Each structure stands twice: as structure tokens, then as C-alpha cells.
Amino acid sequence: MHFKGKAWKFGNNIDTDVIIPARYLTTSDPAVLARHCMEDANPLFVSRVTPGDIIVAGENFGCGSSREHAPIAIKAAGISCVIAKSFARIFYRNAFNMGLPIFEAADLWSQISDGQELVIDGQSGLVTAGEIKIRTSPIPVFMQELIAAGGLMNYMVKRKAAINDPQK
Amino acid sequence: MAMTITEKILSSHAGCEKVHPGMLIMARVDIALGNDVTAPLAIEEFRKAGGKQVFDRRKVVLTPDHFTPNKDINSASLCKIMRDFAREQEITHYFEIGEVGIEHALLPEQGIVLPGDLVIGADSHTCTYGALGAFATGVGSTDLAAAMLTGEAWFRVPETMKVILRGKPGKWVSGKDVILYLIGLIGVDGALYRALEFSGEGVAALTMTDRLTIANMAIEAGAKNGIFIPDEITRAYVAGRAKREYSCLDSDPDAEYSQVVEINLSSLEPQVAFPHLPSNVRDISRVGEVKIDQVVIGSCTNGRIEDLRMAAAILKGRRTAPFVRLIIIPATQEIYRMAMHEGLFDIFLAAKAAISTPTCGPCLGGHMGVLAEGERAVATTNRNFVGRMGHVKSEVYLSNPAIAAASAVLGRIASPDEL
């Protein structure tokens, strides 16, 4: 799978209150959440983001609360994947659990500009930005299994079924 | 082989003799918690996956505490989803308005979480229960849904950072100052993916309330969990609350730590975290002139009875400065009742404070004290991110209850020594 789109650059410690402010957490409707995604960090984001675009962030992306509304809002806004120097741990597991592709890359942020066209090979994790090619950190095997199963719920249901009926 | 307390709890719940950092495990959970923001999503996922019955109705805890008593029709609808689910599934620990409190104050108080437990909660401050010697960590709604279905959750075994506390905290210094100082020292991702284990002779000088506050904000340093080794203070706290067996564990003397940090409690001043990161801390003596519009004393971080007593000691016989709003939120009904019987409410009312029923409310900019553009608040809460308590151009300064109370009286961030 390939991801292709223009880069939206954000800095370090982008917290979930900025990704989707708590004042909108009285709903979990993805379409409503998408309309307010990132609005406290960049009010133009929602009106200018196009399907396939990619968030490129600094360290500790998604820190703060455990709200899964954050990756839901990002995905529903049309973002195809997030590449950060590092992710806060709850956001990291939420993304894999609910199916928002994320990649870790320490060197990409400083080498690309806001709005630049990026292509990512989802399999190898290779990012191409014009002449620049940067490899993201390999996705751990367990996370790959979660992706292959179609998210955590499918994985757990299959696992439960396998335990209850080992012949299958 | 030697293990830390975190590794011991994870290994026993994963059914393996030994775990090591980096290992991925599937572990059984003792408690799975959700609130009115996160549980409705989890319930939807649970049903989508074909869920008919939760794995154990005594081990799922549901607390409508964030936007309650319901602030609008949408939040009322979220609570209704949770309430209907609790009724249908006969959830033992569902707390209706009138008995609910802020989840991370309520669960320890009610003896629902105990030493040696493995707890997940769809709320980032679930790490609070590490104060009791439990492994407790925040997860998202899908994790909660999976745990409600199967009783299990996946974990990457974390490395442990050891924080050695020495000495005794001085006047006006509490658990809040210890954790703010640590976050200032290591940064908001200083303990990313790791366990924070608090040890050293200084721990004995910390009350259970101090420890709950410290473990509560472990997430603010990026940590997976914060944990204290159970001692006499833990046993005294748990006695009379526990209604089932529990295990007080200790780290092995030769357990491995990825990093060791030392803090001398005796030399700590009260800390204030400036906008917009909890790591942006200053000693109270270096705050300067910061005028404020609002003070909030409450939350899962500092809404316990000792916090309210500390505030009352300062507010007694004093009044909040003109044009400053003081909002005090006891974290549970039990704390509310104690504060009322001890006469704290008389002090608060005389000081011009608004006293609220338990709710997370203003901490996350939900209700009961949302800030307008350009306004500043001192809060005993846990986050001061951009827009956290309201308008994107409002500001939150984090402090302990003594600093918050003194600031309310003087209308600027201040130490009680200035009164």
C-alpha cells in the first residue's frame, strides 16, 4: 500500500487537546470530529487538507489524554498517515488498534518543507520526498499482525476463537 | 532472575515466569475502566465485534464523571449509552450521579483497585493507581472494548526509570511539587514508554494523597505507569477498603533500571508549571507578577480531602480577591461529605468560593469554569496545554492547593508566605 499526499508539518508535543479539543468530545461522530481536527494548532488545516495528505510531526506526537477521538479525527479529516519523530504511547497504541497508519522517522522532519509532496511505501516504510529518500523505523511484528487482522478487535476475536477451538 | 515490581505484576498476569523490557505480552486485567467520554466508543466497538456479555461484570468499572451532571444534550446522550449498557450487563461498579466521583479518586477510595492489580482505563490518568503498588495504565476505547470482551490487553513490557526520593518535604511542599519538579527535570517525554518507579527513604514522608498525585501525573512525563512499592502507609490505606485479596510486591534488589534520578525533597520549593506544558516549571520564588482571573482546586490530581484541608488552612478568615473566581471541586461524594462535616465548606463559602459537585469539569475545558479569551487560571489540575481549560488564547498555571488558595486571595500567583 502506498500513501501519497502533501505534508502538513507540526512541531513537538502536539497533544490530543490540540488534535481534537475536549469541547468537541460530546460526540464520537468521525465527520463532526474531523471538522475540528487540529483547529487550535492551525485553523486553516480543516479547510485546506485534502484526502491522502500526511501529517509530519516532531517528538511526542499525541501526548496527553487517551481519547481515541484524536486518531479518529485525523483519519476522518482525510489524513492517510502520520509520520513523527516519536509518538506518545497511548496515541501509538490507539493508532494501531483503530487502523490509522503511523510511522516513526527521526530525520524526515528537518529535510522536508510544509506542503511538499510525499510518497510512502507502506510495506517497506520508505518515504520519498523529491530527491530525498528516508527509511522509517520498522513496524514491530505484533503491530503488523494487528494491521493484517484489520485492527485490535478483529485480532482479539480471532485469538479468542482460536483459544476456544484450537482445531480451527 | 531479578525483576522490578512492574515486571512482576505484568509477568504474573501474562502467565509467564519472567518478562523483560521490550517483550510483547497478552495479560489478563483485574479492572477495566471507562468514563462518559471513552466508554460509549468502547461499547460501540464491543457490539460491532459481536460482544454479548462482558468477560466479568465485577471487573468492568463505568464512571460518568467528565461532562456530568450532564452539561448538554450530547453529553446526556453519551451517559445514557453508558447507563443502558451498565443496566443490561449488570455492571457491579457503575456509579450513578449522586454516588459517582472523579474516577481516579473514587476507585482507590472505594477499594476497587488494590496493590498488585493490573488495571487498564480508557483515561490517561489511570496511572494514578500505581500509588497503591498496582500496575495501572491509560489506554484508548478500542483497548477497553477488547478487554471488556476478552479480559485481556496487550502490553510491551516497559523499561523502568527509578526515581529515588530523599529527605522530607518542607512547608507548603506536597506530592504535586515533587511530580512537577520531576517533569521539569526530565521533560514531557522524559519517561516515554517507560515505568516510573518511586523509591528511597523520602517515600515514607509522603502521604497516600501525595503518592496518588505523583503517580497521577506520571503520564505527563510520557510514562506508561508510575508505581510505588507498598509499605505501611499503603497497608493502612487499603485496610478496611479491600473486599478481595491483594498482593504487596517489591522490586528485587538487583532489578535492572534504564535510568536513575534522585530528588532531594528537603530542598524543593512549591512549583508552578507555566503555559503550555507541564514541564515548564518554576520555583514559586521565581514566578514574578502573574495576575489571574480564576482558581480551580480539584481534579483527579488534587481534589482529595487533604488537598481541601490545605486550601482551607490558607483560606480561613480570608476572601478571594475582587474579580477573581474560586471554584472548589471535591473529587468524590465521600470527600464532599467529609469537607462539609469538618467545616471546610463554611471557610470556602466565607472566602467567596463556588463549591461544585464532583466532576472533571473545567480541568479539560468541559464545563463548570471554562475560560474566555485572554483569561488566566491557576489550577491544581494536571495539564496546561493550549486551550485545555477553554479558549485557545487562555492560560493555565499548574500548582498545589496551597499556592492555588493563596493566589485566589491575592489575585496573582503567590505563596501562602506572602499573606
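Modeller: What follows describes the sheet and then turns to other parts of the structure. The model is a predicted one, and every value below was computed from it.

The sheet belongs to chain B, where four strands lie in the order β10-β9-β8-β11 and form an open sheet with parallel pairing.

Strand β8 of chain B, made of residues 160–166, pairs with β11(B) in the parallel sense, and six bridges join the two. Within this part of the chain, B:I164 has B:E262 of β11(B) as its bridge partner. A helix is also found here: α6 of chain B (residues 175–186) packs on the sheet and touches both β8 and β11 of chain B. The direction of α6(B) makes about 130° with that of β11(B).

Elsewhere in chain B, the residue B:L419 lies in the segment after α13 (401–410). B:L419 counts as exposed because it has 12 C-beta neighbours inside 10 Å, and a residue with 12 or fewer is classed in this way. Leaving aside residues up to four places away in sequence, B:L419 touches B:A406 and B:V409. B:V409 is 10 residues from B:L419 along the chain, and their C-alpha atoms are separated by 8.3 Å.

Chain A contains eight helices and seven strands, and 48% of its 168 residues count as buried. Its radius of gyration is 16 Å, which agrees with the value near 15 Å that a compact globule of 168 residues would have. Along the principal axes, the C-alpha atoms of chain A fill a box of roughly 55 × 40 × 25 Å.

Finally, the two chains touch: 34 residues from chain A and 43 residues from chain B take part in the contact. On the chain A side, α1 (16–19), α5 (89–98) and α8 (152–164) each supply at least two residues. The most comes from α5(A), with six residues. By class, the side of chain A that touches chain B has 13 nonpolar, 11 polar and 10 charged residues.

Definitions and conventions
Residues numbered from 1 in each chain as written. Chains lettered and ligands numbered in written order. Predicted model: local features only at pLDDT ≥ 70, side-chain atom pairs only at ≥ 80, totals over all residues. Contact = placed C-beta atoms within 7 Å. Nonpolar A, V, L, I, M, F, W, Y, C, P; charged D, E, K, R; others polar. Rg over C-alpha atoms; globule rule 2.2 N^0.38 Å. Buried ≥ 20, exposed ≤ 12 C-beta atoms within 10 Å, placed from the backbone. Pairing = 2+ DSSP bridges. Axes fitted to C-alpha atoms, helices over the stretch in contact; angles between N-to-C directions.
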